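Colleague: I am new to reading protein models. Could you walk me through this one, feature by feature?

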Amino acid sequence: MNHKVPIQVDGRFRLGHVVGSGSYAVVYHARNIIKDDAVAIKLELITNQSSSLQHEYAILKRLEGGIRIPRALWFGRESAYHALVLDLLGPSLHDLFLSHNQKFSLHTVVNLGDQLVSCDIKLQNVLVGLSHLKHTAFIIDFGVTKEYWDTATKNQHLTGTPAFTLINNHLGVDLGRRDDLELLTYMLIYLLCGSLPWLTSDHEKLSSCSILKWKVNTTIEVLCDGIPVEFASILIYTCSLAFSEDPDYGHLRSLLHGLR
């Protein structure tokens, strides 16, 4: 059954073109016709399942005012959809990476690492700001990339991008802050080098199992070959952490600052 997308949300936000989509919502460029300013609106079709958009709104309100957290301006129901109105941000890291011939400078990678070292991220879920915030990274889609257990089918589901998914995630192990740091380091190396040892030109066709085998057999020495040793130091430190251990974010930032 097709559901018509509303023209307006809450009587004051007029929808424009689609700017992206995720696992549970479609994102639209929109305009507040009262204040005449631009916003972003996420629409999620209402089903019998719990609303991921409502969960995201609750998280954003708890984090409201935090650095790199976009503002949630309104949440409610519009026609057959849940709607979340957010600050309009700029392009994603993924889009910027592609526009820079799939390689960032060391200076750019270090600045990103410094901003994101305590965040759980993937390329498509990091957007830069607009205007004076164009060098600031913002995190979106909280709680989307995670491992979960389907009690109905007894199957584990791997969400997110397999190329950047952690070995523990592949294996179904509970993830902690150490795993977030490992993921971030994978991404920083990818942005700096333009690839990772387990990626090929057609890596989208590789199975999760094949990528896992590559990761298990890739040493830190091979992964960090040809790049500053600080990235290897970050990985070694990260892998040494116990599941419940608090990472020393100051130490990690000092390693990154040494590259400036």
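Modeller: Gladly. Start with a pair of helices: H8 passes H9 in a left-handed crossing. Keep in mind that this is a predicted model.

Colleague: At what angle do H8 and H9 pack?

Modeller: Helix H8 covers residues 229-240, and helix H9 covers residues 249-257. They pack at about 165 degrees, with their axes 9 Å apart. An angle over 145 degrees counts as roughly antiparallel. H8 and H9 are therefore roughly antiparallel to each other.

Colleague: Which residues make the contact of H8 with H9?

Modeller: H8 brings Glu230, Ser233, Ile234 and Tyr237. H9 brings His251, Leu252, Leu255 and Leu256. Sort these residues by class and you get five nonpolar, two polar and one charged.

Colleague: How do H5 and H8 cross?

Modeller: The axes of H5 and H8 come within 9 Å and cross at roughly 160 degrees. That makes H5 roughly antiparallel to H8. The crossing of H5 and H8 is left-handed.

Colleague: And which residues of H5 and H8 make that contact?

Modeller: From H5 come Arg178, Leu181, Glu182, Thr185, Leu188, Ile189 and Leu192. From H8 come Phe231, Ile234, Leu235 and Thr238. By class, this contact has seven nonpolar, two polar and two charged residues. Look at Ile234 again: this H8 residue is in the contact with H5, and Ile234 is also in the contact with H9.

Colleague: Now the rings. How is a pair of aromatic rings described?

Modeller: A ring pair is described by two values, the distance of the centres and the angle of the planes. A search of the whole structure finds three aromatic pairs. Take Tyr57 and Phe75.

Colleague: Why is the pair of Tyr57 and Phe75 called stacked?

Modeller: Planes under 30 degrees apart count as stacked. The ring planes of Tyr57 and Phe75 are at 20 degrees, with centres 5.2 Å apart, so the pair is stacked. Tyr57 sits in helix H1 (residues 52-62) and Phe75 in strand S5 (residues 72-78). The two are 18 residues apart, and their pair links distant parts of the chain.

Colleague: Is each of these two buried or partly exposed?

Modeller: Tyr57 is partly exposed, with a relative accessible area of 24%. Phe75 has 18% relative accessibility and counts as buried, because buried means under 20%.

Colleague: What about Phe97 and Tyr190?

Modeller: Their ring centres are 4.9 Å apart and their planes are at 40 degrees, so this pair is tilted. Phe97 lies in helix H2 (residues 93-99) and Tyr190 in helix H5 (residues 177-193), so the pair ties together parts that are 93 residues apart in sequence. Phe97 and Tyr190 are both buried. Ring pairs also join Phe97, Phe104 and Tyr190 into a cluster.

Colleague: Can we zoom in on one residue?

Modeller: Leu223 is buried, with a relative accessible area of 8%. Beyond neighbours within four places in sequence, Leu223 is in contact with Tyr186, Ile189, Leu196, Pro197, Trp198, Thr218 and Leu235. Leu223 and Leu196 are 27 residues apart in sequence, yet 7.2 Å apart in space, C-alpha to C-alpha.

Colleague: Finally, how many helices and strands are in the protein chain?

Modeller: The chain has nine helices and 10 strands. Of its 260 residues, 42% are buried. Now take the contacts with a separation of 6 or more: residues 24 or more positions apart account for 53% of them.

Notes: Residues are numbered from 1 along each chain as its sequence is written. This is a predicted model: local features need pLDDT of at least 70, side-chain atom pairs count only at pLDDT 80 or more; totals for chains, interfaces and linings use all residues. Side-chain values use heavy atoms; hydrogens and water are left out. Axes are lines fitted to C-alpha atoms, for helices over the stretch in contact, and angles run from 0 to 180 degrees between N-to-C directions. Helices (H or I, at least four residues) and strands (E, at least two) are DSSP runs, numbered from the N terminus. Angles under 35 degrees count as roughly parallel, over 145 as roughly antiparallel, 65 to 115 as roughly perpendicular and the rest as oblique. A crossing is left-handed if the near helix is turned anticlockwise from the far one by less than a right angle, and right-handed if clockwise. Contact means heavy atoms within 4.5 Å. Ala, Val, Leu, Ile, Met, Phe, Trp, Tyr, Cys and Pro count as nonpolar, Asp, Glu, Lys and Arg as charged, and the others, Gly among them, as polar. Rings of Phe, Tyr and Trp (its six-membered ring) pair if their centres lie within 6.5 Å; planes under 30 degrees apart count as stacked, over 60 as edge-to-face and the rest as tilted. Buried means under 20% relative accessible area, exposed over 50%, partly exposed in between (1.4 Å probe, protein chains only).
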